[in-house]
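Biologist: Could you take me through a few features of this structure? I would like to begin with the surface and then turn to the aromatic side chains.
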Amino acid sequence: MPVPAHMYANDDAELDTDVLVVGAGPVGLTLAHELGSRGIRVALVDPNDRPDETSPRCKQLNPRSMEHFRRLGLAGAIRDASLLPFGWSDSAVFCTSLMGPLVQRFDGVFATSDVPWSTLPEPAQWTAQFSVERALRAELATRPTVTPHWGHTLVDVDQDADSVTATLRGGGDRIHRLRARYLAAADGGRSTTRQRLGIELSGSSDGVENLQVIFDAPELAARHRHGPALQYWILNDEISGLMGQLDTTGMWWAIVIDAPSWSSHASTRQAVQTMIGADVPLEIVTQAPWTARMLVADHYRRGRCFLLGDAAHLNPPWGGFGANTGIGDAVDLGWKIAATLDGWGGEALLASFETERRPFAMSAIAAATHNMAVLTPELSTPELADRGEKGEEARRHAAEAIARSKSAETYTLGFTLGTGCPDSPLVLPDTRHAPLSVGSVYQPSACPGMRLPHLWLGPGESLYDRLGPGFTLIECGLPATSDGLKAEADRRGVPLTVVPLNRPDAVALFDAWYVLVRPDQLVAWRGDELPEDAGSLLDHVRGVV
């Protein structure tokens, strides 16, 4: 709807910035930090002056997201803000009810264990989305080039060849215009920006309606029989779903799958009691219906405007890929916008955002949809709760079915670390050995387009900690011959860090003596000697056509 001209406030005092980020969920906040860490001026706009704590929404940050936050200096703040301590549990339990028999138990799920891993510098963190947002908002104080504008909503967007002008509504319905070089929209599944840009979503929605419930039950953790777990899958033929703790003081979440159309907290309370398996004192705090959606934006870009996170793709929650995919979007877009604004990014660099990230989103949706094919209703039978021999046999068969059908959903490193963009126009492919990660099994690979395999260099010191903010050349033991590449980088203004790494195991791990790594820790090129035309290599990986 057009905004009446008389409602514009102080048109002559336009707020100018390099990038306008719309939406301060985990994705928009990550982008603001990524750009802010590179000295780019950012205006961050969100209608809420504090995180929405009525729903946990995203409940885990996977290891790929956490290593991005480590690079940005934010991993510690995120772990400190979590209401469940790091390492509190790494288990998923399948049972007939919280008070009922155990059917199956997975340990080491989602890479949340606090035992050090050789393959990654930062394990996952189980945490509510509002805790992540709280930490990321607080840390904006360390980014002097980022200016938050809380209480503002995007109304419309217009652009020309040089800039984007956003119309924003603030307090008291006052209208402001803000002009930026680029706009990045992380304003959710109902994205106003996407609608104003005329970009459609393609895909489908599930026909099953589910119910998310937040409830307070201070006695429950001490009373049930299965010990701490991140998820309890309730296999009950009457009411089934998942539940788990939000904190250590008694706040819980539950998802009722294929929920009846309840209208009252009283009926919801009864459903939760059925999942618990006992009359435990509890209070329903919030409840909200939801339906899984498998949708991807037809385009991630229109002119100087970009879509990321839920504005660009909507994922079913099974496997925890949604917000983590959006965080990956933010990292990819962030370094590419910064490189463009700093003058060393080529004309194809920003175009590669959609080329690289849209296929990843489609893979994540496909994986989540596969996980959704077998949920608690498919696994639940009346015999599971039987205390006799009939029940034991039913639980044994169910445990086998769970092991077959749910392992890929709870052990996700093969997907989260082993899915890259080897077909990207920004990487130089080769014919060397490329181990393939399948399902839950991660196979480290330095194939161009894949995540750089991880190494520990010393106690607490990761190879990732040595990588620079721009490109990094890793020299794996050969005499230094990188002067030519460094000179060509300096000539083009490309930030390049050289990391000598005299370790034979690195050569075996990377299958190369030299590895060129992008700012997002993906391999751009590898080889046993540097090319004579080092400038052409740099031009290719920075998007110069």
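Predicted model: local features only at pLDDT ≥ 70, side-chain atom pairs only at ≥ 80, totals over all residues.

Biologist: Which residues gather in a patch of negative charge on the surface?
Modeller: The patch of negative charge consists of Asp 237, Glu 238, Glu 383 and Asp 386.

Biologist: Where is Glu 238 placed?
Modeller: Glu 238 lies in the loop that runs between β13 (231–234) and β14 (241–245).

Biologist: Is Glu 238 buried or exposed?
Modeller: Glu 238 has a relative accessible area of 61%. The cut-off for exposed is over 50%, so Glu 238 counts as exposed.

Biologist: Turning to the rings, how many aromatic pairs are there?
Modeller: The count comes to 16 aromatic pairs. One of them joins Phe 306 and Phe 353, with ring centres 6.0 Å apart and planes at 75°.

Biologist: Why is the pair of Phe 306 and Phe 353 called edge-to-face?
Modeller: The planes stand at 75°, and an angle over 60 degrees counts as edge-to-face, so this pair falls in that class.

Biologist: Which parts of the chain does that pair link?
Modeller: It links distant parts: Phe 306 belongs to strand β19 (residues 305–307) and Phe 353 to helix α9 (residues 352–372), 47 residues apart.

Biologist: What about Trp 344 and Phe 471?
Modeller: Their ring centres are 6.0 Å apart and the planes meet at 70°, so this pair is edge-to-face. Trp 344 sits in the loop between α8 (322–341) and α9, while Phe 471 is in strand β23 (residues 471–475), 127 residues apart. Trp 344 is buried at 7% relative accessibility, and Phe 471 is buried at 0%.

Biologist: Which residues form one aromatic cluster?
Modeller: Phe 94, Phe 106, Trp 233, Trp 290, Trp 318 and Tyr 411 form that cluster.

Biologist: A change of topic: where is Ala 512 placed?
Modeller: Ala 512 is found in the loop between α14 (504–510) and β25 (514–517).

Biologist: Is Ala 512 buried or exposed?
Modeller: Ala 512 has a relative accessible area of 1%. Buried means under 20%, so Ala 512 is buried.

Biologist: And how far apart are Ala 512 and Gly 100?
Modeller: Ala 512 and Gly 100 are separated by 412 residues in sequence and by 54 Å in space, C-alpha to C-alpha.

Conventions:
Residues numbered from 1 in each chain as written. Heavy atoms only, no water. Patch = residues over 30% accessible without salt bridge, like charges linked within 9 Å, V, L, I, M, F, W, Y side chains within 5 Å. Areas by Shrake-Rupley, 256 points an atom, 1.4 Å probe, with all protein chains shown as cover. Salt bridge = Lys/Arg side-chain N within 4 Å of Asp/Glu carboxyl O. Lys, Arg positive; Asp, Glu negative; His and termini not counted. Charge placed at Lys NZ, Arg CZ, Asp CG, Glu CD. Helix = DSSP H or I, 4+ residues; strand = E, 2+ residues; numbered from the N terminus. Buried < 20%, exposed > 50% of the residue type's maximum accessible area, 1.4 Å probe, protein only. Phe/Tyr/Trp six-rings, centres within 6.5 Å; stacked < 30°, edge-to-face > 60°.
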